[in-house]
Amino acid sequence: MVDLLPGQTPFWQRIEATARDHFRRAAVEEIRTPLLEATELFARGIGEATDVVGKEMYSFDDRGARSCTLRPEGTASVVRAAIQHGLVAQGPQRLWYGGPMFRYERPQAGRQRQFHQIGLEFLGHADPRSDVEAIAIAWDLLMDLGLGGLRLELNSLGSPDDRLRYRAELVAWLEAHRERLDPDSQQRIATNPLRVLDSKNPDTQELLAGAPTLADALDGASHERFLRVRQGLEALAIPFELNPRLVRGLDYYGHTAFEITSSQLGAQATVCGGGRYDGLVEQLGGPPTPAVGWALGMERLVLLVQASGGEQGSAPPPDLYLVSRGETAEAQALALARGWRRQGLAVELDLSGAAYGKQFKRADRSGARWAAVLGEAETSEGVVILRDLRSGDAAAEQRLAPGAVADVLGAADRLNG
């Protein structure tokens, strides 16, 4: 779990602001859920046989002997909230969320035990076009952030009946090749065999080239649905690759599954993943409700934005740096700073009481173009001195009434803009 320092947060703010703008333009509304939920929510929703529930959750008993868990992902919490507050009974919902998640796993680049996600959930949308629109929103957001080397991988996990048929075929094949599988995959044969397809072991992946595929187990309706998703992406000119080995790590997914990866950091790394989960709302106690969604990882996304040559990791400089010296002037400076801020200016007030020379050095380091200077003489005259820190020309200083400062700075920006 890491701290985000002031030099890093501008990257986060840029990504969050861009995401908010994309959601606003797509008529997607924000929902915020607690970090702490009943453990049963994730055991039921994600699946007890998954690595997340079995190995990675931060769970504990509270003082009321209730098992609680720091949320490891956002979808189950959003669905719980939508059921609890009757949102799904009000018609289709277009929702997004953002915030920290928690999983006990080995930290690595772009992955921490407290990590952050931004996610989208469409509840009550069954049409394949909703899959396409969800993917398009994610794709356009990542493109807008300047990410390179993007690749969309697509698969269909089919219906529950499709997966039952496929599971039987896959288990039989895996049992026949058990001795050549890595230990984790051997354990998963009995608990979650589809996750074997997602093994990171290169020898297992090579072996799986001869395994049966889920595509061969899809019935006609599932094939037709997946075809419409692919046609929709083609119509939007969003390139994709079919990956018959792509499965999502959580049990609730079915039909469309996808991942967006980037090669910008060298090895192909997943940035965004999601898919359709038509059975989850009913599984958690709500009415039958089709749904599709995705989540993107902020830590990895920040690394990619930095690697793409995005904005530097520093906050924008203030518009004005306020230098003051003397008891009366320093008291007046507080009121002036507040007044200018209320007019829309970003003002940094020097509170050191140091000599003018030291305050001006700090003004230069702040990055502000302008400094306002207030001493005892200026206070008695009811003026401030406005200095252009970029020109360094003392002769160009202006003595202004405080109320004129915002207008002068605005005029200068328009002249230079």
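Residues are classed by relative accessible area: buried is under 20%, exposed is over 50%, and partly exposed lies in between (1.4 Å probe, protein chains only). The model is predicted, so local features need pLDDT of at least 70 and side-chain atom pairs count only at pLDDT 80 or more, while totals for chains, interfaces and linings use all residues. Residues are numbered from 1 along each chain as its sequence is written, and side-chain values use heavy atoms, with hydrogens and water left out.

Strands are DSSP runs (E, at least two residues), numbered from the N terminus. Strand S6 spans residues 114–123, and nine of its ten residues are buried. Strands count as paired if DSSP finds at least two bridges between them. S6 runs antiparallel to S5 (residues 93–102), with ten bridges. Within this pairing, Met101 is the bridge partner of Phe115. S6 also runs antiparallel to S11 (residues 291–297), joined by seven bridges. Here Ile118 stands opposite Leu296.

Aromatic rings of Phe, Tyr and Trp (its six-membered ring) pair if their centres lie within 6.5 Å; planes under 30 degrees apart are stacked, over 60 edge-to-face, and the rest tilted. Three aromatic pairs are found. Tyr58 and Tyr104 pair edge-to-face, at 5.8 Å centre to centre and 70° between the planes. Tyr58 lies in strand S3 (residues 58–61) and Tyr104 in the loop between S5 and S6, 46 residues apart. Tyr58 is partly exposed at 21%. Tyr104 is also partly exposed, at 46%. Ring pairs also link Phe23, Trp96 and Trp294 into a cluster.

Methods
Helix = DSSP H or I, 4+ residues; strand = E, 2+ residues; numbered from the N terminus.
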